[in-house]
Amino acid sequence: MGWPQPMAEFQELFDRMNHFLESAAFTSPLTETMAFAPPADLHETDEAYVVECELPGIAREDIDVEVGEHEVSISGELTACRRAGALRRRGRPTGQFEYRALLPVDVKSAEVTASLVDGVLTVTIPKAQAATPRHVEIQV
């Protein structure tokens, strides 16, 4: 389903602002270790936003999920595995991680659910009900 032209332009602007804010959130002084952003998808249904974030090898208690009125944040730390012998090649990130996304509408933060299955964290964020227009009778 495509957006009407004005809404499509607004959505594109919102996506670009979200991308800009995400990239700005990860700037740090050169002396600090920079957090990495785990791969994640954010999709929208009629009732909710759903974030699917890949966090293989990370325990549930090492993940922090916060949801505000217009933002979701997933953070934590991935520690390196202890191995015998010399590490020849490192391809997996370690250290602090953080995923943030802005949400374009108010959400029901008290009803958010999260589950971790096979290394994929799924966070379901229900949308708040928008006020529906109704006719108001003028009293005498």
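How many bridges join strand β2 to strand β7, and do the two run parallel or antiparallel?

Tutor: This is a predicted model. Seven bridges join β2, residues 48–54, to β7, residues 120–126. The two strands run antiparallel.

Now widen the view. β2 and β7 belong to an open sheet of four strands. The order is β1-β2-β7-β6, and the pairing is antiparallel. β1 (40–44) and β6 (113–117) stand at the edges. Each has a single partner strand, so one side of each is left without a neighbour in the sheet. Ignoring direction, neighbouring strands here are turned by 15 degrees against each other on average.

Next, the core. The largest nonpolar core has 18 residues. Those with the most contacts inside it are V51, L55, I63, I74, F97, L121 and I125. At least two core residues come from each of β2, β4 (71–78), β5 and β7.

Take F97 from that list.

Finish with G95, which is found in strand β5, residues 95–102. G95 is buried, because its relative accessible area is 15%, below the 20% cut-off. Beyond neighbours within four places in sequence, G95 is in contact with F36, G76, E77 and L78. T79 lies 16 residues from G95 along the chain, yet their C-alpha atoms are separated by 5.9 Å.

Methods. Residues are numbered from 1 along each chain as its sequence is written. This is a predicted model: local features need pLDDT of at least 70, side-chain atom pairs count only at pLDDT 80 or more; totals for chains, interfaces and linings use all residues. Side-chain values use heavy atoms; hydrogens and water are left out. Two strands pair if DSSP finds at least two bridges between them. Axes are lines fitted to C-alpha atoms, for helices over the stretch in contact, and angles run from 0 to 180 degrees between N-to-C directions. Buried means under 20% relative accessible area, exposed over 50%, partly exposed in between (1.4 Å probe, protein chains only). Contact means heavy atoms within 4.5 Å. A nonpolar core is a set of buried Ala, Val, Leu, Ile, Met, Phe, Trp, Tyr and Cys residues joined through side-chain atoms within 4.5 Å.
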